[in-house]
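Have the viewer open as you read.

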Amino acid sequence: MELRNINTFLHVAELHSFSRAARELGYSQSAVSSQIALLEEELGVPLFDRVAKSVRLTDAGQTFLQYARTLLTTAQQAKAALQPTPEAHGTLRVAIADSLCSALMPPLLEQFHALCPRVEVSFITSNTQTMQDLLSSNRADLAYTFDLPLTNPSNRVFLDEPESCCFLAPAGHPLAGRHDLVLADLAGQEFLLTERGMSYREALEQLLAARQLALRPYLELGDAALLCRMVEQGLGLSFLPRYMVETCLTGRAVPLEVADCRIEMRRQLFCHKDKWITPQMEVFIRLARGEPS
């Protein structure tokens, strides 16, 4: 059973297309079809249903999928184990939450580039579900989330840290400096919030709904760093991860302590359990954990 054919099978299974798999692998479409035919002949079962322009795994193909991933990963690990420790090179694709990218990546990326100058890094900002899809289809090497705790058995978790959220107000705002604030005090304020569907905004809205309260933002925006800057310019209040606030503050905005609002999420770094850990992944994981380089 040739590893090349197994690799081609995985690409077709993930992309649901012989032609797209051929383009990604640099083969002709006939070469991809031939490799799949050889694999099906060797296994004695059809691996794909080909109906019209649709390509889907058969039941046998679905069963073989997990074994194929394990076979390819094991072969890559065996090859790596027999080689001298290589200098990291190639690419590193990290699916990441926008706020983590803005707040934590600049200093980490500086360290990473010093250690792995031959590695091209690609950050893909996305939500948690999209991250899971990217890992499953091998279009991302690592995922770095800010969300509720994830317990997906397909994940191999390297970092799992609690992170709190807080309200942010311009330094001259009437609520700045008060120590007796409760959520009801904020209900009538002008807010700039992240887009609906963001994990920490959903958690805030659930908490507000339980108290029969609601915030009505006049602006919704996906860029957490830009929200910080707009608060500093006096355009309204916001609700953001505390690490985002601490990174962006320049003295023109202050966090508000709200007694009845304690929202905690998790900062998690993980990959697919069958993913071969490349040298550049190892370096990134170590830096994200704060371990000595």
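Where helix H6 starts, a side-chain oxygen of Asn127 comes to within 3.3 Å of the backbone nitrogen of Gln129. That pair is a polar contact (N or O atoms within 3.5 Å, one able to donate a hydrogen and the other to accept it; residues adjacent in sequence count only if both atoms are side-chain atoms). Keep in mind that this is a predicted model, where local features need pLDDT of at least 70, side-chain atom pairs need 80 or more, and totals for chains, interfaces and linings use all residues. Numbering runs from 1 along each chain as its sequence is written, and side-chain values use heavy atoms, without hydrogens or water.

H6 covers residues 128–136, and its buried residues are Thr128, Met131, Gln132, Leu134 and Leu135; buried means under 20% relative accessible area with a 1.4 Å probe, protein chains only. They sit on the same side of H6 because they cover an arc of only 160° around the axis, taken from the directions from the helix axis to the C-beta atoms.

The cover over those residues includes these strands, with contact meaning heavy atoms within 4.5 Å:

| Strand | Residues |
|---|---|
| S3 | 90–96 |
| S4 | 119–125 |
| S5 | 142–147 |
| S6 | 155–170 |
| S11 | 264–272 |

Just after H6, Asn138 takes a positive phi of about 60°.

Now zoom out. The protein has eleven helices and eleven strands, which are DSSP runs (H or I, at least four residues; E, at least two) numbered from the N terminus. Its C-alpha trace spans about 75 × 45 × 30 Å along the principal axes. Of the 293 residues, 43% count as buried.

Terms used: Buried < 20%, exposed > 50% of the residue type's maximum accessible area, 1.4 Å probe, protein only.
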